[in-house]
Amino acid sequence: MRISGIQKLTLLDFPGKTACTVFCYGCNFLCPFCHNALLVTEKAEEFIDEEEIFTFLKKRQGILDGVCVTGGEPTLQKDLKAFLGRIKEMGFDVKLDTNGYRPDILREIISEGLCDYVAMDIKNTPEKYALTVGKEIDTDKILESIAILKAGKIPFEFRTTVVRELHTEEDIREIARLLEGEAPFFLQQFKDSGCLIGEGLSAYNKEEMESLTEKARELLPRTSLRES
């Protein structure tokens, strides 16, 4: 596992859980608004040893409920399943953040009981995915991951970070149509971290975000605005 960082306590990342967050290095997308851009663009030669993570977790048994594994894109890590397995063996719940571009890995992780919750980013409508992730991709893989989660094997959420230059009201409505049914969907306001892959990006204001949320909720009832 190529691990670039750990946040030792989060009350926000894992719904209903007190958790820590492990950050994996590298991603197969180049989203211009990525808030963890250095995990994608910077060449890293040193990583946190896995054993440091497990030593920390051993000390937090009975204190933390879970571990969030995020990135970058965790499903690129060749030792991910073994890593998640060890976390589960220690008695922690696992939340996986993913862009959904490796549905084969996602399916295996769920079927093998290595994950308790998945948050999948929906970057945009299929027609605008390439624009939003910075490269041409096979959107069928995204659709496959959506279907895997909607099969309902474990709790999950979909989420979209909304950027004024990349998302229109109709885009948000189209994403809601794509997800259809009772899928939980969160809209997140773009925040400029000061270290982005792209330039010239801006956020909708709170009132505009609330309006976009209402528009999406007309098509997808479980749509919510996630406050930063």
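I began with R164, which at 34% relative accessibility counts as partly exposed; I took buried as under 20% relative accessible area, exposed as over 50%, and partly exposed as in between (1.4 Å probe, protein chains only).

I noted that this is a predicted model, in which local features need pLDDT of at least 70, side-chain atom pairs count only at pLDDT 80 or more, and totals for chains, interfaces and linings use all residues. Residues are numbered from 1 along each chain as its sequence is written, and side-chain values use heavy atoms, with hydrogens and water left out.

I next looked up the salt bridges, defined as a side-chain nitrogen of Lys or Arg within 4 Å of a carboxyl oxygen of Asp or Glu. I recorded 19 by this rule.

R164 pairs with E208, with 2.6 Å between the closest N and O atoms. The partners lie 44 residues apart, R164 in the loop between strand 6 (156-162) and helix 7 (169-179), E208 in helix 8 (residues 206-217). Helices (H or I, at least four residues) and strands (E, at least two) are DSSP runs numbered from the N terminus. E208 is partly exposed, at 27%.

I then examined D121 and K123, whose side chains form a salt bridge at 3.9 Å, N to O. Both D121 and K123 are buried.
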